[in-house]
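We will go from stop to stop, selecting residues as we go.

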Amino acid sequence: MSIIILLASVIGGIFLSAQSSINGAFSKKAGTYESTFLTFITGALILAVVILFFGNGDLLAILEAPKWQLSAVWFGVGYLFLTIIAVPKIGIIATSISTVIGQLSMGMLIDHFGWFGGVQVSFDTNRFIAIILMLIALRLIYLANMKTRTPLENPSKKKKKRRAM
């Protein structure tokens with residue numbers, strides 16, 4: 001069962017990268033807000049059908065949930081919105097690794113302090129080194145992206161004019 005969950009997570013990561021890239025391209029045509037809206041309205045409609053036919057929970061329990069737990073919806077909207085902005089500017093790889101660094105950094109804080117009723121896992125040297133290595137990877141990827149972009153995409157890379165002699 002653990003292998004199936006790991007594979008499902010990998011597939012989820014593939015979907016996220018594809019979605020981020022497609023939404024980034026779509027936002028150039030339709031706009032960032034519009035792209036974000038389309039993604040969420042489509043997801044809401046699909047989930048409404050799934051809940052209608054397969055749901056076995058209590059949708060009205062939302063009204064009884066602690067208000068701080070409802071704040072999670074804003075994080076999802078923020079993530080998607082910021083990703084749609086970032087992908088066209090820094091590329092899918094830099095956006096993805098930045099997202100992973102953010103997720104892991106916050107996850108380490110949540111684990112360390114046991115926030116939100118989760119398991120408490122102490123922050124240690126290995127975790128610190130992992131974050132540093134990911135930051136180094138992000139820097140290398142970002143620098144490589146800047147080198148391979150055309151002058152129109154990278155204004156800091158100006159063409160030198162040759163003088164006629």
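In which helix is Phe-54 found? Select Phe-54: this residue is in helix α2. Before moving on, note what you are looking at. This is a predicted model, in which local features need pLDDT of at least 70, side-chain atom pairs count only at pLDDT 80 or more, and totals for chains, interfaces and linings use all residues. Residues are numbered from 1 along each chain as its sequence is written, and side-chain values use heavy atoms, with hydrogens and water left out.

**The whole chain**

Zoom out and show the cartoon. The chain has six helices and zero strands. Helices (H or I, at least four residues) and strands (E, at least two) are DSSP runs, numbered from the N terminus. Buried residues make up 15% of the 165 residues. Here buried means under 20% relative accessible area, exposed means over 50%, and partly exposed lies in between (1.4 Å probe, protein chains only). The chain exposes about 13,100 Å², and carbon and sulfur atoms supply 72% of that area. Accessible areas come from the Shrake-Rupley method with a 1.4 Å probe; for residues, only the protein chains shown count as cover.

**Stop 1**

Return to Phe-54. Is Phe-54 buried or exposed? Phe-54 is exposed, with a relative accessible area of 66%.

**Stop 2: a buried serine**

Select Ser-27 in helix α1 (residues 2-30). Ser-27 counts as buried, at 10% relative accessibility. What does Ser-27 touch, leaving out residues up to four places away in sequence? The list is Thr-32, Ser-35, Ile-84 and Pro-88. Contact means heavy atoms within 4.5 Å. Next, show Gly-24: its backbone oxygen lies 2.8 Å from a polar atom of the Ser-27 side chain.

**Stop 3: the largest nonpolar core**

Select Ala-94, Ile-97, Ile-101, Met-108, Ile-131, Met-134 and Leu-138, the seven residues of the largest nonpolar core. Such a core is a set of buried Ala, Val, Leu, Ile, Met, Phe, Trp, Tyr and Cys residues joined through side-chain atoms within 4.5 Å. Two elements, α5 (92-113) and α6 (125-148), each give two or more residues to this core. The largest share, four residues, comes from α5. Center on Leu-138. Not counting residues up to four places away in sequence, Leu-138 touches Ala-94, Ile-97, Ser-98 and Ile-101.

**Stop 4: the salt bridge**

How many salt bridges does the structure hold? It holds one. Select Arg-127 and Asp-111: their closest N and O atoms are 3.8 Å apart. A salt bridge is a side-chain nitrogen of Lys or Arg within 4 Å of a carboxyl oxygen of Asp or Glu. Arg-127 lies in helix α6 and Asp-111 in helix α5, so the pair ties together parts that are 16 residues apart in sequence. Arg-127 is partly exposed at 23% relative accessibility, and Asp-111 is partly exposed at 26%.

**Last stop: Asn-145**

Select Asn-145, in helix α6. Asn-145 and Ile-93 are 52 residues apart in sequence and 9.1 Å apart in space, C-alpha to C-alpha.

Terms used. Polar contact = N/O pair within 3.5 Å; in protein donor to acceptor, adjacent residues only side chain to side chain.
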